[in-house]
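Subject: Structure handover

Hello,

Here is the structure we spoke about, with the sequence alongside. My notes on what was found follow below.

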Amino acid sequence: MAPPYPTQRPTDATHLPADEFDLPTELLNLPWIDSHTHAQTLSWADRERYSLAGCRAMVMVASGYHWTPYKPVTAADVRYLWDDAINRRRAIERNHFFEAGLALGAHTGVRIENPAELVGSMADYCGLDEVVAVGETGITPAQHVESWDLDAQFELVRAQMELADEHDLPVILHTPNATGEGPDYRPGVGLPGFELNTELAEEPVLTGENPALEAVEIDVDAAHEAGLAEERVVASHADPNNVDYLLGETDCYASFTVGYEWLTGVTAADVAAAIEEYGPERVLVETDCANVLDTDVFSVKRTILELYRLGIDIDDIRQVVFENPRSVYGLAD
């Protein structure tokens with residue numbers, strides 16, 4: 001029976017059962033790993049928020065045409081991104097107390113003028129102890145400023161996967177999201193929350209019924225040609241459009257980007273659905289925080305709490321947000 005309360009009239013507390021809810025306080029201190037972030041592009045304050053939210057380690061991805069001012073880009077432009085991340089990594093760790101592993105790769109969102117030269121230099125980078133993955137990379141249906149044909153994209157992706165296999169590294173795929181139709185914004189304004197000149201997007205080079213899924217399937221074919229085991233492939237930006245293929249038809253990992261629901265529509269409910277359907281063994285989560293996007297450093301922490309509210313067991317939550325990325329990337333040992 002509920003205890004008496006000295007309230008003026010009965011409140012909810014009077015009618016509630018006497019037994020208390022078993023608070024999952026361990027969730028408040030549960031360590032987590034951000035499987036995909038561009039934290040080196042963020043502010044000092046944003047990186048401090050990672051620490052405050054309990055981030056134990058992260059994979060800082062140095063791959064993205066967003067930060068190269070020249071279009072198309074050259075091998076030297078991409079290497080600048082890698083060098084910048086290497087240069088700043090230890091200072092970031094020292095200031096914020098989490099471990100920062102690096103992922104270095106060549107994105108296909110913009111055409112690279114001399115990709116063979118870039119691949120030729122990548123092997124030495126892959127041998128660095130701080131490099132824990134190759135990527136992000138993968139087939140992109142449409143490019144920025146200048147189109148890049150599928151054969152050339154495939155060759156670059158396959159070559160990076162060969163290097164990953166040689167150096168026993170996983171590959172982070174950039175898988176396109178199948179986002180719904182959004183609102184029509186005023187011409188010239190661009191896409192709010194995304195600081196990129198989106199009107200410079202080229203016509204797609206993949207034009208099938210489901211190009212976003214087709215791109216992922218081509219990526220897996222590239223892994224097969226490169227001899228890279230499927231379990232060494234982490235498909236970032238997993239969503240309901242590709243999760244059944246990734247978890248139901250391959251041995252790849254599916255990593256859900258929960259940092260910007262406003263753009264992709266992906267939420268903790270999608271993560272929970274994947275866990276319930278396929279188990280937690282190949283599911284990860286990530287923020288994909290970057291300074292060109294309206295992203296949320298706290299999104300993984302919020303997802304931890306939301307997964308519990310959605311009925312996911314604490315042990316499964318821990319496996320998804322900590323144990324899986326720790327095993328894949330060799331972090332937080």
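Two residues are counted as in contact when heavy atoms of theirs lie within 4.5 Å. The model is a predicted one. By that cut-off, and leaving out residues up to four places away in sequence, Met-161 touches Val-171, Leu-173, Asp-219, Ala-222, Ala-223, Ala-226 and Leu-228.

Met-161 is also among the residues with the most contacts inside the largest nonpolar core, together with Tyr-50, Phe-256, Val-321 and Tyr-329. That core has 104 residues, and its largest share, eight residues, comes from helix 6. In soluble globular proteins, nonpolar side chains tend to be buried together.

Helix 6 covers residues 211-226. Its 16 residues should span 22 Å at 1.5 Å a residue, and because the end C-alpha atoms are 22 Å apart, the two values agree. The buried residues of helix 6 include Leu-213, Val-216, Ile-218, Asp-219 and Val-220. Their cover includes helix 5 (150-166), strand 5 (171-174), strand 6 (233-236) and helix 7 (243-249). After helix 6 comes Gly-227, with a positive phi near 80 degrees.

As for the whole protein, it has 11 helices and eight strands. The radius of gyration is 21 Å, close to the 20 Å that the globule rule gives for 333 residues, so the protein is as compact as a globular protein of that length. Buried residues account for 50% of the 333. Of the contacts between residues at least 6 apart in sequence, 77% join residues at least 24 apart.

Regards

Terms used: Residues numbered from 1 in each chain as written. Predicted model: local features only at pLDDT ≥ 70, side-chain atom pairs only at ≥ 80, totals over all residues. Heavy atoms only, no water. Helix = DSSP H or I, 4+ residues; strand = E, 2+ residues; numbered from the N terminus. Expected span 1.5 Å × (residues − 1). Buried < 20%, exposed > 50% of the residue type's maximum accessible area, 1.4 Å probe, protein only. Core = buried A, V, L, I, M, F, W, Y, C linked by side-chain atoms within 4.5 Å. Rg over C-alpha atoms; globule rule 2.2 N^0.38 Å.
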